[in-house]
Amino acid sequence: MSIEGELVVRIETASGRVSRASAQADRPRVANRLFAGRAADEAPVLAGTLFAICGRSQAHRSRGRQAAGGGAAAVTGWPRATRIARRTVQEHAWRLLVDWPRLAGLAPQVEALAGGRKALAPLLDAGEDTADAAPRREASAWAREAILGMAPADFLRIDSVEALQGWLAREETPVATLVARLLAADPSLGASDVELLPYGDDRWVARALAPAIDADAQFDAAPQWQGRPRETGALARTGGHPLVADAIARWGRGAGARVVARLVDLAAALEAAGGRHGAIALGEGSAIAWVETARGLLVHRVTLEGGRIGAYRIVAPTEWNFHPDGAFARGAVGMAAADAAALERGVRWLVSSLDPCVAVRYEAGHA
Amino acid sequence: MCLAIPAKVVELRDNDQAVIDLAGVRKEISLALVDDVWPGDYVIVHVGYALQKLDPEEARKTLELFAGLAAAEPEAA
């Protein structure tokens with residue numbers, strides 16, 4: 001096991017089709033080991049230090065939990081929606097500009113991504129309630145140039161797959177060319193019947209998810225809701241947008257709809273106040289905190305014992321989407337397997353559409 | 001969740017590439033997303049790219065934490 005973690009994707013085939021798919025997140029589950037027994041006010045610092053990719057989000061969650069859980073720490077740097085939005089845009093841009101072009105055999109736009117990091121940096125420094133609209137304007141200008149070919153607000157007005165065709169045909173950015181190619185190939189790739197995780201209801205997280213986590217020791221590894229796995233991420237967040245809803249209706253909840261959702265989520269993150277997050281005390285020394293990260297719902301659940309951390313659990317988006325019976329596993333079954341190279345490309349594309357936060361190792365064999 | 005393990009830059013190469021040392025394992029990564037990185041600096045790496053440069057003292061503390069983890073009994077999966 002590498003400490004960085006790796007997602008091992010295993011595909012079994014029979015009679016020219018994928019008969020079984022699984023994904024094992026081979027990464028250390030360290031939260032409880034690291035946090036338990038420490039003073040409550042150490043948690044936010046630790047979370048920010050240890051978790052890179054969603055580090056900011058993790059640190060935010062810890063602080064939120066701290067405030068809600070009655071910890072002694074001063075709540076400084078309360079999660080800023082702009083930070084969450086910026087991270088979301090950055091992560092989506094990484095897929096759209098670097099990872100997906102590579103998968104599609106196109107040139108990765110590393111310079112455009114680096115430009116985006118610079119353009120988005122002022123958003124990080126901007127205060128939450130600042131009247132200064134300049135950082136947001138700069139970020140939007142970059143997104144228009146590098147990704148959307150139009151202002152994010154205008155992109156959000158595209159309300160059907162048919163209307164999207166015009167955007168695709170104009171190929172104003174390399175991303176439009178990429179998306180056109182991906183959607184032309186097989187927009188239904190990996191479509192699954194796994195339902196989307198509820199989004200937008202803070203009470204649901206506190207009232208429904210917290211008890212579910214507490215009742216199931218394996219929840220962090222294989223989370224589920226009402227006895228079934230769910231999909232989290234851009235598709236779950238934007239499923240109510242008319243364009244994304246149309247994409248789902250046509251192609252199902254698979255790679256094609258997720259690409260469209262990614263674009264809509266990116267535009268929405270630049271336009272709206274920012275990401276959704278919250279923290280709620282569930283009693284003395286007990287709290288849950290959450291944030292909608294680029295990859296989906298990230299939850300920290302903590303209980304204190306005598307001023308120290310008793311239990312600390314983290315439920316991350318990758319565990320929802322790569323659940324043994326989740327969106328990836330169910331979506332991959334049935335994929336054509338006659339051509340081994342094409343199968344690997346398709347599976348890698350499906351995996352990337354669900355955006356695991358670790359590197360992927362691919363293994364295939366006959367059932 | 002994604003762990004942020006500090007990696008030490010040991011060698012700069014052409015085309016914005018660099019060799020890093022991560023817990024004794026060396027590999028080549030891209031520096032395209034960060035500025036002003038030199039051998040001896042610590043960076044956070046994510047799937048082949050340096051994401052950010054770290055303060056050396058912060059890096060040292062984090063590495064100690066991870067060393068403590070590696071020494072501990074692994075948690076049941």
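Reader: Angles under 35 degrees count as roughly parallel, over 145 as roughly antiparallel, 65 to 115 as roughly perpendicular and the rest as oblique. How do H8(A) and H9(A) lie to each other?

Author: This is a predicted model, where local features need pLDDT of at least 70, side-chain atom pairs count only at pLDDT 80 or more, and totals for chains, interfaces and linings use all residues. Residues are numbered from 1 along each chain as its sequence is written, chains are lettered from A and ligands numbered from 1 in written order, and side-chain values use heavy atoms, without hydrogens and water. Helix H8 (residues 161-170) and helix H9 (residues 174-185) of chain A cross at roughly 125°, their axes coming within 8 Å. H8(A) and H9(A) are therefore oblique. Axes are lines fitted to C-alpha atoms over the stretch in contact, with angles from 0 to 180 degrees between N-to-C directions. Helices (H or I, at least four residues) and strands (E, at least two) are DSSP runs, numbered from the N terminus.

Reader: Which residues make the contact?

Author: Leu164(A), Trp167(A) and Leu168(A) from H8(A); Ala176(A), Val179(A), Ala180(A) and Leu183(A) from H9(A). Contact means heavy atoms within 4.5 Å.

Reader: Switching to aromatics. How many aromatic pairs over all chains?

Author: Six. Rings of Phe, Tyr and Trp (its six-membered ring) pair if their centres lie within 6.5 Å; planes under 30 degrees apart are stacked, over 60 edge-to-face, the rest tilted.

Reader: Why is the pair Trp204(A) and Trp225(A) edge-to-face?

Author: Because their planes stand at 90°, with the centres 5.2 Å apart. The pair links distant parts of the chain, 21 residues apart: Trp204(A) is in helix H10 (residues 202-215) of chain A, and Trp225(A) is in the loop between H10 and helix H11 (234-238) of chain A.

Reader: Are Trp204(A) and Trp225(A) buried or exposed?

Author: Both are buried. That means under 20% relative accessible area; exposed is over 50%, partly exposed in between (1.4 Å probe, protein chains only). Phe322(A) and Phe328(A) are buried as well. Those two form a tilted pair, 5.6 Å centre to centre and 35° between the planes.

Reader: Now chain B. What does its secondary structure come to?

Author: One helix and five strands. The order from the N terminus is β-β-β-β-β-α. Of its 77 residues, 43% count as buried.

Reader: In what sense do S2 and S3 of chain B pair?

Author: Antiparallel, over six bridges, with S2 at residues 17-22 and S3 at residues 25-30. Strands pair if DSSP finds at least two bridges between them. Val19(B) stands opposite Glu28(B) in S3(B).

Reader: What do S2(B) and S3(B) form?

Author: A hairpin with two residues between the strands. Ala23(B) in the turn has a positive phi of about 50°.
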